[in-house]
Amino acid sequence: MPELPEVETIKRGLLPRLRGKVIRRVIIPDDSRGSRLLRRYPSKRSFIRKLTGRRIITLKRRAKYLLLHLDTNEILIIHLGMSGQLLLLPDRSVAPPYTRLILKIAAAGRLCLIDPRKFGEVYLFSKKEGHTTIDPFSLGPEPLLKSFTPEVLGRSLKKSRSVIKTVLLDQKIVAGLGNIYTDEALFRAGIHPRRRSSGLTGREIERLFQGIREVLREAINLHGTTAADRRYVDSKGEPGRFQARLNVYQRKGERCPRCGAIIETVKLGGRTAHFCPHCQK
DNA sequence: ATTGGGACCTGCTCGC
DNA sequence: TGCGAGCAGGTCCCAA
């Protein structure tokens, strides 16, 4: 579900409510197949022990990961997978169905991670001495930072032999894009998703760079995309509003807002790419 | 070494 | 109405 703009929205919503607060209790509800949530963290017991009583210093986002910096040298890392939600609910509310993790936060409420499909994952990462940023996943550049430039993008695209749609989904190339925003960025750039990334011209790379930046900024401003199934909501349960601005994603069979041609889809790398056959060459 | 395909999960929608 | 197939915002793992 959540791509960069959705995770950014969740982070912004939670930051003022969680900053400086203490985690009083950690609950991982029983799961018949054990906790897949902690599949890369060695021990549920030590996870709970290390979190309990910790103060949350700040919240950050890296790509699609939410990072809770604790008053120890550790960071709680949350990834919401395909179907994850993070809701901060009042103290005495009942945990919704599919709640996989509950953090009881003093003077804030219950932070519930809800995840029907169990693709979400959490773990604790220890900050190394002298490192201010963490990067355990060898992620590529943050697309909204200054360090991301058309040249940086272009160099990565030249190296790959794959199709541009697939390459943009690779988190090592650009961190934070998913199926929605790759489709929308390619539309804005006028590039067909099946083009070879190494064959793009300098001008096309420039347009793609701008397209990525613009679509992410606009989506953040509108609090992300709540698609047809309405699964994505922010930490207060509010849907996003960017879906009204989608040009191609989930608009198969509809008319292109720019030229009126019928939007098509194609399967690439196991994902559905949406595009306008007239505007995207 | 890349890269493409399947696996991991569950719920929902659509067509027969 | 019922049922099975196919689909879904992501990432990892393994065989070519």
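**View 1. Leu 66 stands opposite Ile 78 in β4.** This is a predicted model, with a pLDDT of at least 70 needed for local features and 80 or more for side-chain atom pairs to count, while totals for chains, interfaces and linings take in all residues. As for labels, residue numbers start from 1 along each chain as its sequence is written, and chains are lettered from A and ligands numbered from 1 in the order in which they are written. Strand β3 (residues 65-70) and strand β4 (residues 74-79) run antiparallel, and five bridges hold the pair together. Strands here are DSSP E runs of at least two residues, helices are H or I runs of at least four, and both are numbered from the N terminus. Two strands count as paired once DSSP finds at least two bridges between them.

**View 2. Zoom out and β3 and β4 turn up in an open sheet of four strands, ordered β2-β3-β4-β8.** The pairing is antiparallel. β2 (56-62) and β8 (121-126) sit at the edges with a single partner strand each, so one side of each has no neighbour in the sheet. Ignoring direction, neighbouring strands are turned by 20° against each other on average. α1 packs on this sheet and touches β2 and β3, with its direction at about 170° to that of β2. For the angles, axes are lines fitted to C-alpha atoms (for helices, over the stretch in contact), and values run from 0 to 180 degrees between N-to-C directions. "Touching" means contact: C-beta atoms, placed from the backbone, within 7 Å.

**View 3. Another open sheet of four strands has the order β1-β6-β7-β5.** Again the pairing is antiparallel. Which strands are at its edges? β1 (23-27) and β5 are, each pairing on one side only. From one strand to the next, the twist averages 15°. Inside the sheet, strand β6 (residues 99-105) and strand β7 (residues 109-114) run antiparallel and share six bridges. Look for Lys 104, which stands opposite Arg 110 in β7.

**View 4. Chain A splits into domain 1 (4-126) and domain 2 (150-275).** These bounds come from an automatic or database domain assignment. Between the C-alpha centres of domain 1 and domain 2 there are 28 Å. Domain 1 puts 15 residues into the contact and domain 2 puts in 18 residues. On the domain 1 side, α1 (4-18) and β5 (85-89) are the elements giving two or more residues. α1 has the largest share of that side, with eight residues. By class, the domain 1 side comes out as eight nonpolar, four polar and three charged residues. Here nonpolar covers Ala, Val, Leu, Ile, Met, Phe, Trp, Tyr, Cys and Pro; charged covers Asp, Glu, Lys and Arg; the others, Gly among them, are polar.

**View 5. α1 meets helix α6 (residues 202-221), their axes coming within 9 Å and crossing at roughly 35°.** The crossing is right-handed; that is the label when the near helix is turned clockwise from the far one by less than a right angle, and anticlockwise gives left-handed. α1 brings Leu 4, Pro 5, Glu 8 and Thr 9 to the contact, and α6 answers with Leu 216, Ala 219 and Ile 220. That makes five nonpolar, one polar and one charged residues.

**View 6. Helix α3 (residues 150-159) crosses α6 at roughly 115°, and their axes come within 9 Å.** α3 also passes α6 in a right-handed crossing. The contact uses Pro 150, Leu 153, Gly 154 and Leu 157 from α3, plus Ile 205, Glu 206, Leu 208 and Phe 209 from α6. By class, this contact has six nonpolar, one polar and one charged residues.

**View 7. Strand β9 (residues 264-268) and β10 run antiparallel, joined by five bridges.** Glu 264 has Phe 275 in β10 as its bridge partner. The hairpin of β9 and β10 has two residues between the strands, and Gly 269 takes a positive phi near 55° there.

**View 8. Gly 269 is also one of the residues around DNA strand B.** Others in this set include Arg 33, Arg 36, Arg 117, Lys 118 and Arg 161. A residue makes the list if its C-beta atom, placed from the backbone, lies within 6 Å of the strand. The surface near DNA strand B has two nonpolar, five polar and five charged residues.

**View 9. DNA strand C has 19 residues around it.** Gly 178, Asn 179, Ala 227, Asp 229 and Thr 272 come nearest. The elements giving two or more residues to this surface are α5 (179-189) and β10 (271-275). Its classes are seven nonpolar, seven polar and five charged residues.

How values were computed. Two residues are in contact if their C-beta atoms, placed from the backbone, lie within 7 Å.
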